[in-house]
Protein chains: 2
Amino acid sequence: MSVRLDETHDPARTSWVEGANRHPQFPIQNLPFGIFSPPGHGPRAGVAIGDHVLDIKEIVELLPPEVVDAVSQRSLNRLFALGSEARVALRRKISAILSDPSWSERLGHALFRTADCTLHLPSTIGDYTDFYVGIHHAENVGRQFRPENPLLPNYKWVPIGYHGRASSIRPSGEPVRRPQGQSKAHDSDTPSFGPCQRLDYELEMGIWVGPGNDLGQPIPIGEAHEHIVGLTLLNDWSARDVQAWEYQPLGPFLSKSFHSTISPWVVTMEALAPFRTAQPPRPQGDPAPLPYLNDAADQASGAFSIELEVLISSETMRKAGQPPLRLSRGPATSMYWTVAQIVTHHASNGCNLQPGDLLGTGTLSGPELDQRGSLLELSEGGKTPIILPTGQERRFLEDGDELTIAATARAGDAIPIGFGPCTARILPALP
Amino acid sequence: MSVRLDETHDPARTSWVEGANRHPQFPIQNLPFGIFSPPGHGPRAGVAIGDHVLDIKEIVELLPPEVVDAVSQRSLNRLFALGSEARVALRRKISAILSDPSWSERLGHALFRTADCTLHLPSTIGDYTDFYVGIHHAENVGRQFRPENPLLPNYKWVPIGYHGRASSIRPSGEPVRRPQGQSKAHDSDTPSFGPCQRLDYELEMGIWVGPGNDLGQPIPIGEAHEHIVGLTLLNDWSARDVQAWEYQPLGPFLSKSFHSTISPWVVTMEALAPFRTAQPPRPQGDPAPLPYLNDAADQASGAFSIELEVLISSETMRKAGQPPLRLSRGPATSMYWTVAQIVTHHASNGCNLQPGDLLGTGTLSGPELDQRGSLLELSEGGKTPIILPTGQERRFLEDGDELTIAATARAGDAIPIGFGPCTARILPALP
């Protein structure tokens, strides 16, 4: 497992880029990769530093040929395919350049204000899979859909997941059209088709897949981390009324596939190395993971000290100049399975993971009420409304609502790093 | 709906290509598209004619520029994106050339024996969705998983579907590695991990998506056919023991994602025009489709007169020189929903379908025992074995078994057309 720290993690390292030092999201200790378009130009690979983006194209003369090819595409799939060694070398090079003031003049033209740029999806996502490893979410939601058995017998043995829709994943900022769909009211004998009445968000993290495996060749748990490039924030928008009616027996489908929002920056495993922590011990009485998912090193450092939060603002709030309201805040350690266990389980049947694939964790709710990662949980299925500062009630999302997921990794002396925003606003359903 | 017949459907039309006339699969009335590699050369677009493939590259001087670009790629995604008008024009041009003997000398070098070529996937499949429209299958399987309610209340309202795995779809001929996975025996308290013990096939058809829709923009039922390029055969290999343990609450996952096999030729909607037939009326008492799925023209001609069959041969049978055994034969009209309803429902929430996406129908079983499209159904969950000509029993698939799905479209005076084979052999699990 690549948990070695090097000079790129040194809390004393600073950057000559204006405003980068102690930047709450993107200090020089972070250096996330992404695809961006500078004003008037096409998509290219970049690295976030403070409130700026470095165009990697401008430093290719310093890089080995296979990395030059990988960072010269309109997506990061080839960079993801290279694996950690090349990625670490690239990170160290960029960190050295951005910390050495002698580069400041030479690279001035390669830095763009992020606010002036368009941010794209970092990769062409071949397949998207969504897991269900937030055990408190599984319990909260299970209780609403199946009061008699909220957590099914397989939950503590199988990292439950399902295939999601790749084509409708969009970067932060793109508005979400309220979907139409079939639903059936409890007091009706027949379903009807119309705009979703119970539109919700889901607070998740996403895992970017690296080199991956050939079809038929599993990924042993001890090698799983080599296939993870980094993490992102993910909002798995959900149409709860559609979901309740459609999900049996094959799982959620149109209730999820209308849109998913991700934060566009790939926060790498290298950047996250200082924030690794032990996977919380399983509650007494829970089974140990089966051997193919059980690895001492993974249990010792396979979780992350990341704090997640969700903010909402309604149109009325924004017009009144009010700041967004925090809906929840909680730790990413509420995952019952580690990211390595997710990857190994996914490939355990020989299913081939490919560079640029995205894996969602599933909704990450903590055990407390103010740590719940969806409105379905916060409003207890619509029974208990959230009161906004304007006095408005929210059981589910209304048109014009803007939802933001944010996260910060913090641990000991390490400089905290963030993920950038994962934000989108709800547009009314088509007439 | 494009059900017009033209000269390419004329039963009297013949081809100068040797062996093409009255070819059981690929007479000149079929002309399916695919991607193939001639001996010693790279992948390119081709058309099957009899036992040969025509390299489309060799006729590009006869085609308009946007079609030249579309057929000059290593996948057919751009051709699929063009829509039916361009596809019909291309079909008519190829039909004219292959029926006019004056072209025989000039095009001799552009024809390759199919047996000498490698056939690839026709498109880069962005997303793969599998439906569940075979109502007899849903009833047969539902009875085994949920004896008390085989057909759930949503079945006759919602074209049930779920996202599948795109990366593990392979063309006919590639062997299938028996997957490992978690399963739990009925008499055990805990699951175990190991090679699948209940490996099965599923007889399906696949739908190739054409131009598709933008995110947020549904496809009205009256326009659905414009977004369907053609059909293919699909074997949705299934690990039944893994499926039974993992599938709740989010649906089948690793029990399906280890491999799916398709026939590599895209039999176009144009080739299938003579075989269109009325969607069978719903049984008395069933609800009418909701308005967004209800279209008189679709009900009148949205189904296809296609006969499907499944053949098996064991290693012992092949060594003894015995021909494959037919496991089932049945009509494709056992679909409760039409392909147009599948497409419209999929996009009804605004989910964007893209050129080259693949949609599976789900297992197509007929009402009779010898029309069942999986071993799970034929052996009644493993209770009643199939007896092979060698005396071997089959409840589920054994290593070395070879499974073939085949299909023929027949109607009135039209020359019958086929789909080519959808075949694969089972390799033992990794040690």
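## Annotated C-terminal region

Residues 136–426 of chain A are 15% helix and 28% strand, with 27 Å between the C-alpha atoms at the two ends of the span. This composition is that of a predicted model. The span carries a UniProt feature, from an unreviewed entry, recorded as "domain: Fumarylacetoacetase-like C-terminal".

Over residues 29–122 of chain A the content is 35% helix and 22% strand, and the end C-alpha atoms are 20 Å apart.

Within this span lies A:Leu31, in the segment before β1 of chain A. A:Leu31 is not a glycine, yet its phi is positive, at about 60°. Most residues other than glycine have a negative phi.

## Domain assignment and the contact between domains

The domain assignment divides chain A into domain 1, residues 7–120, and domain 2, residues 128–427. Taken over C-alpha atoms, the centres of domain 1 of chain A and domain 2 of chain A are separated by 28 Å. The contact between them involves 27 residues of domain 1 of chain A and 28 residues of domain 2 of chain A. The size of an interface is often given as the accessible area lost when the parts come together. For domain 1 of chain A and domain 2 of chain A, the buried area is about 2,300 Å², with 65% contributed by carbon and sulfur atoms. On the side of domain 1 of chain A, the residues that lose the most area to domain 2 of chain A are A:Phe80, A:Arg87 and A:Leu119, which together account for 26% of what that side buries.

The polar part of this interface comprises nine residue pairs in polar contact, both residues being at pLDDT 80 or more. One salt bridge is found across the interface of domain 1 of chain A and domain 2 of chain A. The side chains of A:Arg87 and A:Glu270 form a salt bridge, at 3.0 Å from N to O. Five elements of chain A each give two or more residues to the side of domain 1 that touches domain 2: β1 (33–37), β2 (44–49), α2 (77–82), α3 (84–99) and β5 (118–120). Of these, α3(A) gives the most, with four residues.

## Symmetry of the two chains

Chain A is superposed on chain B by a rotation of 180° with 0.0 Å of shift along the axis, at an RMSD of 0.0 Å. The two copies are therefore related as by a two-fold rotation axis. In chain A, A:Gly251 has the C-alpha nearest the axis, at 2.2 Å from it. Both copies use the same surface, since 100% of the contact residues of chain A recur in chain B.

## Interface between chain A and chain B

The contact between the chains takes 59 residues from chain A and 59 residues from chain B. The area buried between chain A and chain B is about 5,400 Å², of which 63% lies on carbon and sulfur atoms.

Between chain A and chain B there are four salt bridges. A salt bridge joins the side chains of A:Asp357 and B:Arg165, at 2.7 Å from N to O. The interface of chain A and chain B also has 25 residue pairs in polar contact, both residues at pLDDT 80 or more. On the side of chain A that touches chain B, the elements giving two or more residues are β6 (128–131), β7 (161–164), β10 (180–183), β11 (192–195), α6 (240–246) and α10 (339–347) of chain A. The largest share of that side comes from β7(A), with four residues.

## Cis peptide bonds

Most peptide bonds are trans. In chain A, however, the peptide bond between A:Gln248 and A:Pro249 is cis, with omega about 5°. A:Pro249 is located in the loop between α6 and β16 (260–262) of chain A. In chain B, a cis peptide bond likewise joins B:Gln248 to B:Pro249, with omega near 5°. B:Pro249 lies in the loop that runs between α6 (240–246) and β16 (260–262) of chain B.

How values were computed. Residues numbered from 1 in each chain as written. Chains lettered and ligands numbered in written order. Predicted model: local features only at pLDDT ≥ 70, side-chain atom pairs only at ≥ 80, totals over all residues. Heavy atoms only, no water. Least-squares fit on C-alpha atoms with pLDDT ≥ 70 in both. Contact = heavy atoms within 4.5 Å. UniProt positions renumbered as here; feature names shortened; annotations may be inferred. Domains from an automatic or database assignment. Buried area = accessible area lost by both parts, 1.4 Å probe. Polar contact = N/O pair within 3.5 Å; in protein donor to acceptor, adjacent residues only side chain to side chain.
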